[in-house]
Amino acid sequence: MDIKEVREKLIAALKSSPPWGVTVEVTTESEGGWWYTQADAPAFRAARKALRDGYGKEPVSIGCGGSIPFVEPFSRELGGAPALLIGVEDPYSNAHSENESLHLGDFSKATQSAIRFYAELVRAQ
């Protein structure tokens, strides 16, 4: 989606029928574009192996987010290198919400996976 078009449509929708007595004012502070990456790069294979070893279960790859503003410019400046983002959470983590937390057992497995990932990454081809 085009960032400016989405912003304009969102502002128009917010201003279209505010509750009685409410005035809507919008100030845009920054914009960040979407990004997409291919998950078949060597680093992704290394990450899947490291997560499998660290958690003892097959990892699940899902497409989500894609609007973290700094990822696409970093990827572009690095010659189009694929961006590998690993979110460690379970349904009870309440990621990015009130009472966000991470079970200490999951934190330990995530740490072990990260250590294994660095070892796998140096061998990745």
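Guide: Before we start, one term: two residues are in contact when they have heavy atoms within 4.5 Å of each other. Please keep in mind, too, that this is a predicted model.

Visitor: Let's move to α2. How far does this helix reach from its first C-alpha to its last?
Guide: Helix α2 covers residues 42–55, which is 14 residues. At 1.5 Å a residue, the expected reach is 20 Å. The model comes close to that, and the span from first C-alpha to last is 20 Å.

Visitor: Are the buried residues of α2 on the same side or on opposite sides of the helix?
Guide: The buried residues are Phe-44, Ala-46, Ala-47, Ala-50, Leu-51 and Gly-54. Around the axis of α2 they cover an arc of only 155°, so they lie on the same side.

Visitor: Is Glu-120 itself buried or exposed?
Guide: The cut-off for buried is under 20% relative accessible area. Glu-120 has 14% relative accessibility, so it counts as buried.

Visitor: Now the largest pocket. Which residues are closest to its centre?
Guide: This pocket holds about 1400 Å³ of space. Its lining has 35 residues, and by class these are 19 nonpolar, 8 polar and 8 charged. Closest to the centre are Val-60, Ile-62, Leu-85, Ile-86 and Gly-87.

Visitor: Which element gives the most to the lining of that pocket?
Guide: Both α2 and α4 supply at least two residues of the lining. The element that gives the most, with 5 residues, is α2.

Visitor: What about Val-88: with which residues is it in contact, leaving aside its neighbours within four places in sequence?
Guide: Val-88 lies in the loop between α3 (71–77) and α4, and it counts as partly exposed because its relative accessibility is 30%. Its C-alpha is separated by 22 Å from that of Phe-74, 14 residues apart along the chain. Apart from neighbours within four places in sequence, Val-88 is in contact with Tyr-55, Leu-102, Asp-106 and Ala-110.

Visitor: Asn-94 is a residue other than glycine; what is its phi?
Guide: Asn-94 is found in the loop between α3 and α4. At 36% relative accessibility, it counts as partly exposed. Its phi is positive, near 55°.

Visitor: And His-96: is it buried or exposed?
Guide: His-96 is also placed in the loop between α3 and α4. Although it is not a glycine, His-96 has a positive phi of about 60°. The cut-off for exposed is over 50% relative accessible area; His-96 is at 76%, so it counts as exposed.

Notes
Residues numbered from 1 in each chain as written. Predicted model: local features only at pLDDT ≥ 70, side-chain atom pairs only at ≥ 80, totals over all residues. Heavy atoms only, no water. Helix = DSSP H or I, 4+ residues; strand = E, 2+ residues; numbered from the N terminus. Expected span 1.5 Å × (residues − 1). Buried < 20%, exposed > 50% of the residue type's maximum accessible area, 1.4 Å probe, protein only. Arc of directions from axis to C-beta. 1 Å grid on protein atoms, 1.4 Å probe; cavity = no way out; pocket = protein on both sides within 12 Å on 5 of 7 lines; lining within 4 Å. Points joined across faces, edges and corners; volume = space filled by probe spheres on them. Nonpolar A, V, L, I, M, F, W, Y, C, P; charged D, E, K, R; others polar.
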